[in-house]
Structure formats: structure tokens, C-alpha cells
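Subject: Handing over the two-chain model

Hello,

Here is the structure we talked about. Please open it next to this email and follow along.

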Number of protein chains: 2
Amino acid sequence: MPSTEFDLIYRHFASLGAGPAVDLSVGDDCAILKLEPGERLVTSVDTMVEGVHFLPDMFPEIIGFRAVSTAASDLAAMGARPIGMTIALTLPQADDFWVHSFSEGVAETVSLYGLPLVGGDTTRGPLTISVNVLGALPAGEALLRDGAQVGDGVYVSGQLGDAAAGLAILQDEWRPEPDAAAYLVERYERPRARLELGQQLLGRATAAIDISDGLLADAGHIAAAGGVGITLTAGAIPLSAALGGAGDRALRWALTGGDDYELCFTLPAGESAPEGCTRIGEVVSGQGVQLDVDVDTDAGYQHF
Amino acid sequence: MPSTEFDLIYRHFASLGAGPAVDLSVGDDCAILKLEPGERLVTSVDTMVEGVHFLPDMFPEIIGFRAVSTAASDLAAMGARPIGMTIALTLPQADDFWVHSFSEGVAETVSLYGLPLVGGDTTRGPLTISVNVLGALPAGEALLRDGAQVGDGVYVSGQLGDAAAGLAILQDEWRPEPDAAAYLVERYERPRARLELGQQLLGRATAAIDISDGLLADAGHIAAAGGVGITLTAGAIPLSAALGGAGDRALRWALTGGDDYELCFTLPAGESAPEGCTRIGEVVSGQGVQLDVDVDTDAGYQHF
């Protein structure tokens, strides 16, 4: 007997809806959340479609983890404190195993990010997941894309290219030694939204974005929004040891890999970078992103 | 040449993002909105899938209008003041005509409801639309499903069954005279979220829900949430004149038609109903929904 949308939602997700900002969670027509006095609401939506944003044979737990992490990454890029999310889940049939596994991946992110699931809609159709994240920011404060100033340093968190390498491994395009492969696949499958770093950068960074389309493309968004240019030093781009055997591909993945979800941001000269972040370039007058070496690459991943 | 998701979003939707609660709209990683002091955030998400929630040949403008209206209807059912929405749009190709027409339907709702479009994600895939609505409520006030008390009257807004009749006409299952057909099809294609009524009912109604699954099913949600029963008087259910020639089907559509998006609510004895609303029954001890006549019908529309 087919389950109803209500059964599906309640059974697997009902325990994920509690949080300090949640007055009323899943179960009524809407959820109710509270902000602290003087705070603003921050919101963004991200969609993942089977075969476009993830592999058809990806384990549902991974799909759930990635879908939330990539959406939460937009809160990180604004410097926002997470308060909740809704998930619109469209799937071909009411498959109890699938939904349970998916919900486990979501549950990991709820706990990891402190991002309760306060609402959802489950419908029948081709596998599609939209996550709408909700966060809070002190009024007048935000990490925007458009504030980079000539002379600022350009920084990234973590290491770049790992996720693209992990995808290449999953697609049998590259076979590094097993430990490296496991590390890189994990980086693709379980990207971490840099929520704590984003909040640390509030009031310090002049511009910020999360790297979802690739470093070149996303640094390009900062340059375009600020009416400035960016020069990058290829040798400064942080690469993990696991990419050691990848040769030229390592830099290409770091420049154009679209799934790292690290933050790229600009700091005024003299402002020190948070731990785990690396200076990779400088904001200059002009436009666009220039690299100090020639690399044969398209600029990032474009939908459509 | 394919457009990017950014081009698509900006070109067609950029003018729809302004509103009194909007500090920052489409264009950065997130939007920023403000609530008034003492208000709570209200949120809900609704998905529409081609072939499941709308006909494959439906005009894109109608799809846009319906998708937003059905989502906004959840704000109405909570008594919330609308402040903004995001739309996750998945479509098979970047069809400029389609997106333009869709955006015109969305634009009508933005204006009609005062519900600015503050964020979105456009991806390639099977046609799916998720609308996440955002609203505001005074702290401690909300129209919930679970407050119905024995002795309360049960009311509905407007007239029921029109949308189901309109769908039957579009599917060539019924051919009334042209004026009636035009009226009923319009009721299916352009349902109105009862946002003003919802706000009027704040502090007066003991329970409320919007009729998305059919009167019997949705009144059943009020009964179940409140631990009470509901008796309905078939002859009291308001029907439009356009259903005059439909015979027995008119009542069946009114009881189980899932697309009217009117409000069903309960008022304490002695509380007068707002204009345009009709008393159709009473809250009793017990459980479930009882009708005073026998009607051959399944109980509402269930996804899956």
C-alpha cells in the first residue's frame, strides 16, 4: 500500500526538527522560528538533480549529506548563523529504504551544523532535492561578494581540487593509491560547509563567496561584483598531499573543480587570515581573474 | 549557446525582488530580510511536478501562478503576513520563452500577494518547481491545526469544488456552458491564497488549514490534530452557480477536490464569521469527519 506524503515525512524526519530557534517544527501548515533581537533573516535555496548534480548510483545517505552541505555553504559564505532548513524531496517511488538512508545523511548534517529540519514536502517525480536554508545575521553585517578593494589579499580555506579528484575517482578516470582515493572520495561525498569560518570573517573580510563553481569562476564573481581584478599565484593554491600523484590535473581540479565548498574571501592588507586559510592572490585594479601561469582549462562548471 | 543559471535568474526575475522586508535580494549567496520587533519567522515549502501536480500542456504562466499561490496558501493557513519567497526551478532546457512566461505568472503573484522573490536556483532536469515561502507572525500568535474545541463551528471560505470541476473540464470529462467553463477553469488555474482572511482570523479561529487535499481530508487533519470529531452538513457546503449543471459530481468535487486553496477553520460559538465564509458543520467529541449524507467518494487526494 502506498504511503502518504505525511507518513513519509513524519516517520523519517520528525526527530530532526528541534533547535534553539524553533518555536514550531514539522507538522502544521508552516514552521515558526525566532531570531534574536536586532538580527536579520538570511535565506537561500539550492537544488540537486540526479544525473546533473550527483551520480545515479550515489548512496542516498551521501545525497542527503551533500544536498544539505551545499545549501548550508551559502549561509557560510554570508557569515550567517544557521537556524533551520526545509527540504523539498521529489522521488520516483516511496521507497522506505531510500528515504531512511537519505534521512540518515540529513541527520548527520542537522547535528554537524546545528541546522534543524523544520519543514518539507515529499512528492512523486524524478529524483530532485531542494534545500532552503535559513540563518541569522546581526543587522548591518554580512559577508557580501561586492566589497573587495584594490590591495586586499585573496584567501581560500582548506585545500582545493579534492572534490573534483574524488569525482574523477568515482568515475574511474583516475586511480591513486587506496588511502588517497578514500580521502578524496570522502571530500567529494561529504563536503563541509564552513559555517564557523564564515562567522569568524564577519566584520573582517571585505568580500566572500563559497567555491561551488570552481575557484576561477567564483573568484570571478568577487571581481565582477566589486568592479576589480584579481591576480592569483598558482603555486600558492593549497593542495592536499593526496593529490600528489595527479600531475597537472591537480592544479586544474583546484582551479575549476566545482564541489569543494571552501570559502574564497578578501582581507584588507594587514588583516591576518584565520587558521587553515591561505593567501593565494591579490585584488588589483582592472577586471577578471588572472593566473600567473598558463593552464588549459575552461572556467568552472556552468549549469545549462 | 547555452545560458548560465545566473543569466536565467537575473534576466527574468531580477525586478521581482523588492519589498518592505527585503534588505538584500537576489544576486549574492543569500538574501537578507527583516522582521518587525516581536515577530516570528514563518516558513513552508511546496513542490509541483509536471504530470503529477499539473498537466504537461499547462501554459508556463499558469504553472508559475499556481506554484506560488499553493505555497502562499500555507502562510494564509497560519495567519501570517507574507515577506518573501525563494523558487527552485528545475527545467529540461533553458527555454527563454518558457522562463519568460513562467516569470510573468510569478510576477502576478508577487504583486497580488506582496510576496517578493528574494532567491532562487535554476537547474537542468525534469520540470519541477519548489516554492519556499517566508512570512511573519506576532510572537505567540498563529492559526494552528490543533486547537478545535467541542462546540466550535466549522467554516470554509469561498466556494468549494470549482477547481476540481475546472480540472475535469481541462481533461474533457465535463462540458458545461462556456461562461461556467471559463469561470471554473480560471478557478483551477489561478487559485487565490487567502492571505488577508488568514490574518483576520488570527486570535479568533481556534484551528485552521488550507484546503489542498480536499475538504474531507483537510477537515480530517483538524479533527485528528485536535483529538475531536467534525460533523459536516452537506447542504451547507457553498457551491458556485457554475456547478449548477454538474449534478452529483458537484458535491463530490467540493468534498474531495484538492485544488481550491480556500481556508477551513473553526470558531468558538458566538464568534461571527468573516464576510464570504460559510458555516458548514460543528466540532463534536469523538474522531474523524462525518457527513450527514452518504456520498460515494475516496477521502481526498494523496500524493503517492
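One cut-off first: a residue counts as buried when its relative accessible area is under 20%. Please also keep in mind that this is a predicted model.

**How the two chains relate**

Two copies of a chain are related by a rotation about an axis and a shift along it. Here, a rotation of 180 degrees with 0.0 Å of shift along its axis puts chain B on chain A, with an RMSD of 0.0 Å. That is the relation of a two-fold axis. Both copies use the same surface: 100% of the contact residues of chain B recur in chain A.

**The annotated binding sites**

UniProt, in an unreviewed entry, gives a "binding site" annotation that covers Asp29(A), Ser44(A) and Asp74(A). These residues span 46 residues in sequence, and the farthest two C-alpha atoms are 26.1 Å apart, so they do not all gather at one spot.

Start with Asp29(A). This residue sits in the loop between β1 (22-24) and β2 (31-33) of chain A. Is Asp29(A) buried or exposed? Its relative accessible area is 5%, so Asp29(A) is buried. What does Asp29(A) touch, beyond residues up to four places away in sequence? The list is Ser44(B), Asp74(B), Ala77(B), Met78(B), Arg145(B), Ala208(B), Ile209(B) and Asp210(B).

Next, Ser44(A). Strand β3 (residues 39-49) of chain A holds this residue. Ser44(A) has a relative accessible area of 7% and is buried. Neighbours within four places in sequence aside, its contacts are Asp74(A), Val131(A), Asn132(A), Val133(A), Asp29(B) and Cys30(B). The side chains of Ser44(A) and Asp74(A) also make a polar contact, at 3.3 Å.

A "binding site" feature in UniProt (unreviewed entry) is also placed at Asp46(A) and Asp74(A). They span 29 residues in sequence, yet no two of their C-alpha atoms are more than 8.9 Å apart, so they gather at one spot.

Asp46(A) is in strand β3 of chain A. Apart from residues up to four places away in sequence, Asp46(A) touches Thr70(A), Ala71(A), Asp74(A), Ile129(A), Ser130(A), Val131(A) and Asp121(B). Asp74(A) belongs to helix α2 (residues 60-78) of chain A. Its relative accessibility is 9%, so Asp74(A) counts as buried. With neighbours within four places left aside, Asp74(A) is in contact with Ser44(A), Asp46(A), Asp210(A), Asp29(B) and Cys30(B).

**Aromatic pairs**

How many aromatic pairs does the structure hold over all chains? There are ten. Two of them, and one cluster, follow.

Phe59(A) and Phe97(A) have ring centres 6.2 Å apart and planes at 70 degrees, so the pair is edge-to-face. This pair links distant parts of the chain, 38 residues apart: Phe59(A) is in the loop between β3 and α2 of chain A, and Phe97(A) is in helix α3 (residues 96-113) of chain A. Phe59(A) is partly exposed, with a relative accessible area of 43%. Phe97(A) counts as exposed, at 52% relative accessibility.

Trp174(A) and Trp253(A) have ring centres 5.4 Å apart and planes at 50 degrees, so this pair is tilted. Trp174(A) lies in the loop between α4 (162-170) and α5 (178-189) of chain A, and Trp253(A) in helix α8 (residues 249-256) of chain A, so the pair ties together parts that are 79 residues apart in sequence. Both Trp174(A) and Trp253(A) are buried.

Ring pairs also join Phe13(A), Trp98(A) and Phe102(A) into a cluster.

**Backbone points**

Most residues other than glycine have a negative phi. Tyr261(A) has a positive phi, near 55 degrees. Tyr261(A) is in the loop between α8 and β10 (263-267) of chain A, and is buried at a relative accessible area of 8%. Asp172(B) also has a positive phi, near 60 degrees. Its place is the loop between α4 (162-170) and α5 (178-189) of chain B. Asp172(B) is exposed, with a relative accessible area of 55%.

Last, helix α7 (residues 215-226) of chain B. Its twelve residues reach 16 Å from first C-alpha to last, close to the 16 Å expected at 1.5 Å a residue. Among its buried residues are Leu215(B), Leu216(B) and Ile222(B). Just after α7(B), Gly227(B) takes a positive phi of about 65 degrees.

Best wishes

Note on methods
Residues are numbered from 1 along each chain as its sequence is written. Chains are lettered from A and ligands numbered from 1 in the order in which they are written. This is a predicted model: local features need pLDDT of at least 70, side-chain atom pairs count only at pLDDT 80 or more; totals for chains, interfaces and linings use all residues. Side-chain values use heavy atoms; hydrogens and water are left out. UniProt positions are given in the numbering used here, feature names are shortened, and annotations may be inferred rather than shown by experiment. Helices (H or I, at least four residues) and strands (E, at least two) are DSSP runs, numbered from the N terminus. Buried means under 20% relative accessible area, exposed over 50%, partly exposed in between (1.4 Å probe, protein chains only). Contact means heavy atoms within 4.5 Å. A polar contact is a pair of N or O atoms within 3.5 Å; within protein, one must be able to donate a hydrogen and the other to accept it, and residues adjacent in sequence count only if both atoms are side-chain atoms. The expected span of a helix is 1.5 Å times one less than its number of residues. Copies are superposed by least squares on the C-alpha atoms of residues with pLDDT of at least 70 in both. Rings of Phe, Tyr and Trp (its six-membered ring) pair if their centres lie within 6.5 Å; planes under 30 degrees apart count as stacked, over 60 as edge-to-face and the rest as tilted.
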